[in-house]
Amino acid sequence: MEAVKQLTTRWVLIVDTDEGPTQVWHDPLVDQLQAAVGVSVSDARRGRSELASIPINLLALSRLERLEAEVNAWLRAVSRTPVGDLKNRILTLNQTADDLYRSGGLDVDTRDDLHAVILSWPPRIWEVLDPSTVKELLGSCPTCGVEKISTPDGDRWALRAQLQDGKAPIVECGACSAVWATTEDFLRISYHLRATVDVDALREFGIAA
Ligand SMILES: [Zn+2]
């Protein structure tokens, strides 16, 4: 099951980029969620003293606790004791449910319910890991030349970049609505703004000499 694989193993995602399909490797989503919490969960449970100084991502923590609770409840529902780390518990749950279903010990509705629950886990983890972030770019728009625009909350820079994991940033001008959506565009804008950029990449795209 693809969701189980993404949750428990290192897996590859093919993303479309300007240069064609590219492989992006991901660590197990469970590991990423645990890392996002900000402290190792096993450390937290041992009550280590540096705990207080490390910021904890409360959303990640609540998603992790909810995930553990659901995995444990389902394990008990298929008469297994929840033991081992969370990835192993998910693997055990999936395997046990499949075995039980094949041997007639689990009805189709229950198996479908479980599959629906497992399918809901990756997107809920992605919500914590991969919020698209918006950053203002300092400088003037290469198209209309405007630097700042007024908004109800005060002035802001006209150019804003929306950054998303595994995708080219999308830059939009709030003044003239020009949009740049490829890696090459982003490099071009960065060069225009004299931002620190990868010079080799610029040369490759023929933007800088
Ligand atoms: Zn503009």
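The model is predicted: local features need pLDDT of at least 70, side-chain atom pairs count only at pLDDT 80 or more, and totals for chains, interfaces and linings use all residues. Residues are numbered from 1 along each chain as its sequence is written. Two packed helices are described by the angle between their axes and the distance between the axes.

**Helices α2 and α4**
- Helix α2 spans residues 29-37 and helix α4 spans residues 58-77; helices are DSSP runs (H or I, at least four residues), numbered from the N terminus.
- Their axes come within 8 Å and cross at roughly 135°; axes are lines fitted to C-alpha atoms over the stretch in contact, and angles run from 0 to 180 degrees between N-to-C directions.
- From α2, Leu-33, Gln-34, Ala-36 and Val-37 make the contact with Ala-60, Leu-61, Arg-63 and Leu-64 of α4 (C-beta atoms, placed from the backbone, within 7 Å).

**Helices α2 and α6**
- The axes of α2 and α6 (residues 108-129) come within 10 Å and cross at roughly 35°.
- Here Leu-29, Gln-32, Leu-33 and Ala-36 of α2 meet Pro-122, Ile-125, Val-128 and Leu-129 of α6.

**Serines with positive phi**
- Ser-79 has phi near 60°, a positive value in a residue other than glycine.
- Ser-79 sits in the loop between α4 and α5 (86-102).
- Ser-79 is exposed, with 9 other C-beta atoms within 10 Å (exposed means 12 or fewer, buried 20 or more, partly exposed in between).
- Ser-177 has phi near 65°, also a positive value in a residue other than glycine.
- Ser-177 is exposed, with 10 C-beta neighbours inside 10 Å.

Notes:
Helices (H or I, at least four residues) and strands (E, at least two) are DSSP runs, numbered from the N terminus. Two residues are in contact if their C-beta atoms, placed from the backbone, lie within 7 Å.
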